[in-house]
Amino acid sequence: MLFRSLPIAKLSIDEFNKFSYDFDIKKYIVSNKFTDEIDFSECGAEILDANVPLSSDSRHFADLLIYALERIKEKYVIFWIEDTIVANKIKGENLKSVVDLMDDNDISHLTLLSYGHNWKILDLDYSKYGLPNDLLFDMPNSYLFTFSLQPAIWKTETLLDVLKHNRGISLHEFDTSNVKNKKGEKDRKSTRLNSSHSSVSRMP
C-alpha cells in the first residue's frame with residue numbers, strides 16, 4: 001500500500017487493518033518524508049522513506065513510487081492512496097482469487113472501482129476462481145481515468161514501467177491517464193504502453 005499524507009495515512013491503514021483481520025498481507029507506507037509526530041510502529045507495515053523533495057504541483061509523485069516499487073518484492077501491489085478509507089470487511093479469499101485470475105490471464109492492472117459504462121465484459125472462466133460470472137469489464141485504452149488514483153491492483157513491474165517512462169508526471173496527469181508510452185508519445189489512446197499491459201475494471 002502506498003500512502004502520501006501521514007495523518008490520513010495512519011487513519012487509513014488502521015481502518016484497513018480493522019477490516020482485513022482474517023488474512024495476512026504485506027503492507028508498505030511510503031512518503032517523501034517521515035516525522036516523529038505520527039507513530040506507525042503498531043500498524044504492521046514496512047516504512048519506506050523516499051526522501052524525495054516535495055513539489056508543490058505533486059511532480060515528486062513518480063519518483064516517490066519508483067523508490068517504493070523498486071524495493072517491493074511482491075509480484076502485485078494494491079495501489080492505495082491515503083485518503084481512501086475502508087468501511088467494510090475485506091474478503092481475503094476473494095482478493096487472492098482475483099490476483100490468481102490476473103496472473104493466469106496476463107492482466108496487469110485492475111481498478112477496484114465499479115463503473116456503469118457500456119463496456120465489453122471480459123470473457124473469462126470466473127468459476128475456476130470461485131468468482132461471480134461476468135465480474136470484470138475490459139476498460140478501453142481511451143478512457144480518461146484508466147489510471148485513476150482510486151484503489152487498484154497493479155502488476156508491480158508494469159506500474160514501475162509506466163512511472164519510469166513518465167518521471168516528473170503530476171498526480172493529476174496520472175489520474176487522467178495523461179502519460180507517455182514507450183515511444184514518448186502523449187496519446188491517451190496509447191496508454192497501454194504499446195500493449196505491454198491490460199486494464200480492467202470490476203462490474204457494479
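In this predicted model, helix 2 (residues 61-69) packs against helix 4 (residues 156-164) at an angle of about 145 degrees, and their axes lie 10 Å apart. Axes here are lines fitted to C-alpha atoms, for helices over the stretch in contact, with angles running from 0 to 180 degrees between N-to-C directions. Helices (H or I, at least four residues) and strands (E, at least two) are DSSP runs, numbered from the N terminus.

Turning to the whole chain, 5 helices and 7 strands are found, arranged along the sequence as α-β-β-α-β-α-β-β-β-α-α-β. Of its 204 residues, 49% count as buried, that is, under 20% relative accessible area with a 1.4 Å probe, protein chains only. Among contacts with a separation of 6 or more, 68% join residues 24 or more positions apart.

K27 is buried but has no salt bridge, defined as a side-chain nitrogen of Lys or Arg within 4 Å of a carboxyl oxygen of Asp or Glu. The nearest side chain of opposite charge to K27 belongs to D24, 5.5 Å away. Leaving aside residues up to four places away in sequence, K27 touches I13, F16, N17, C43, G44, A45 and E46.

Residues are numbered from 1 along each chain as its sequence is written, and side-chain values use heavy atoms, without hydrogens or water. As the model is predicted, local features need pLDDT of at least 70 and side-chain atom pairs count only at pLDDT 80 or more, while totals for chains, interfaces and linings use all residues.

Conventions: Buried means under 20% relative accessible area, exposed over 50%, partly exposed in between (1.4 Å probe, protein chains only). Lys and Arg count as positive and Asp and Glu as negative; His and the chain ends are not counted. Contact means heavy atoms within 4.5 Å.
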